[in-house]
Amino acid sequence: MATPMIAPSILSADFARLADEADAVAGADWLHVDVMDAHFVPNLTLGLPVVESLLQATDIPLDCHLMIEDPGRWAPPYAEAGAHNVTFHAEATDDPVAVARDIRAAGAKAGLSVKPNTPLEPYLEILRSVDTLLVMSVEPGFGGQSFIPSVLDKVRAARKLVDSGELSLIVEIDGGINVDTIEQAAEAGVDCFVAGSAVYGATDPAAAVAGLRRQAAK
Ligand code: DX5
Ligand code: ZN
């Protein structure tokens, strides 16, 4: 098995000290950036100007998770700015293939995210057009919620398709990941684990990243 990837979510970081908070997780594979618009989800976080500043402040690849309406309009600028991944929600667009194409054309990897109650079946063909599948294991909008284990069926289904060569993408999970829940997600076949409160709520965030990676590799 490949080394598990860990993507700390800055949603649980101190927004007044984002450069330091990025430095605090130097061993992380990606830095997960939750963009919320107060429409697609009932919360508002940050947007393109903050992402542009973060790109200047850290070498860790940015994994931008857009919890926004109209990603066809708003997603490509994150790719142009230099984000490594730009992930949008399946529920937010009628044309995910076009959104993914535009993100890729603008220079980033494209990701498709599904909320806990969104089935994977209608999107299987579309998954051929993306680089990452982000399975939400909480309702998007807030950090610190409890992990929903039933979403692991989608992880298992995606893992099977990747292992059989039908799909080529990174399986990522987001929400409620900590040292207690990460093992079951790893067993189900997750490649990359987003963790907000479990990393930035720890006294030593870098040690928390290493601890999560160790636990996932068990
Ligand atoms: C929730 C966000 C998550 C959040 C995860 O909508 O997409 O990335 O930061 O936080 P934890 O790890 O605390 O559940
Ligand atoms: Zn997220």
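In which strand does H65 lie? The close-up views below, taken from a predicted model, include this residue and its surroundings.

Numbering runs from 1 along each chain as its sequence is written, with chains lettered from A and ligands numbered from 1 in the order of writing. In this predicted model, local features need pLDDT of at least 70, side-chain atom pairs count only at pLDDT 80 or more, and totals for chains, interfaces and linings use all residues.

View 1. H65 belongs to strand β3, residues 62–67; strands (E, at least two residues) and helices (H or I, at least four) are DSSP runs numbered from the N terminus. H65 counts as buried because 27 C-beta neighbours lie inside 10 Å. The term buried requires 20 or more other C-beta atoms within 10 Å of a residue's own, exposed means 12 or fewer, and partly exposed lies in between, with C-beta atoms placed from the backbone. Leaving aside neighbours within four places in sequence, H65 is in contact with H32, V33, D34, V35, T87, S113, L134 and D174, where contact denotes C-beta atoms, placed from the backbone, within 7 Å.

**View 2. The annotated pair D34 and D174.** The unreviewed UniProt entry gives the feature "active site" at D34 and D174. This pair spans 141 residues of sequence, and the largest C-alpha distance is 10.6 Å. D34 is located in strand β2 and counts as buried, with 24 C-beta neighbours inside 10 Å. Beyond four places in sequence, the contacts of D34 are S9, L11, T45, H65 and M67. With neighbours within four places in sequence left aside, D174 contacts H65, L134, M136, S137 and V194.

**View 3. The shell around ligand 1.** The shell holds 22 residues, of which S9, L11, G143, G196 and S197 come nearest to ligand 1; a residue is included if its C-beta atom, placed from the backbone, lies within 6 Å of the molecule. Two or more residues are given to this shell by each of β2 (31–36), β8 (192–195) and α8 (197–200). By class, the shell around ligand 1 comprises eight nonpolar, twelve polar and two charged residues. Here Ala, Val, Leu, Ile, Met, Phe, Trp, Tyr, Cys and Pro count as nonpolar, Asp, Glu, Lys and Arg as charged, and the others, Gly among them, as polar.

**View 4. F142 and G143 in the loop between β6 and α6.** F142 is found in the loop between β6 (132–136) and α6 (152–163), and G143 is placed in the loop between β6 and α6. F142 is partly exposed, because 15 other C-beta atoms lie within 10 Å, whereas G143 is buried, with 21 C-beta neighbours inside 10 Å. Residues up to four places away in sequence not counted, G143 touches S9, L11, S12, G196 and S197. A UniProt "binding site" annotation, from an unreviewed entry, covers residues including F142, G143, G196 and S197.

**View 5. Helix α5 and its covering elements.** In helix α5 (residues 96–105), the buried residues are P96, V99, A100 and I103. Seen down the axis of α5, these residues fall within an arc of 95°, so they line one face of the helix; the arc is that of the directions from the helix axis to the C-beta atoms. A98 and A105, on the other side of α5, are exposed. The elements covering the buried residues of α5 include α3 (71–74), α4 (76–81), β4 (85–89) and β5 (109–114). After α5 comes G107, with a positive phi near 105°.

**View 6. F193 in the largest nonpolar core.** The largest nonpolar core contains 71 residues, and V86, V155, A185 and F193 have the most contacts inside it. Such a core is a set of buried Ala, Val, Leu, Ile, Met, Phe, Trp, Tyr and Cys residues joined through C-beta atoms within 7 Å. Apart from neighbours within four places in sequence, F193 is in contact with P4, M5, I6, A7, I173, I177, I182, A185, L212 and A216.

Conventions
Two residues are in contact if their C-beta atoms, placed from the backbone, lie within 7 Å. UniProt positions are given in the numbering used here, feature names are shortened, and annotations may be inferred rather than shown by experiment.
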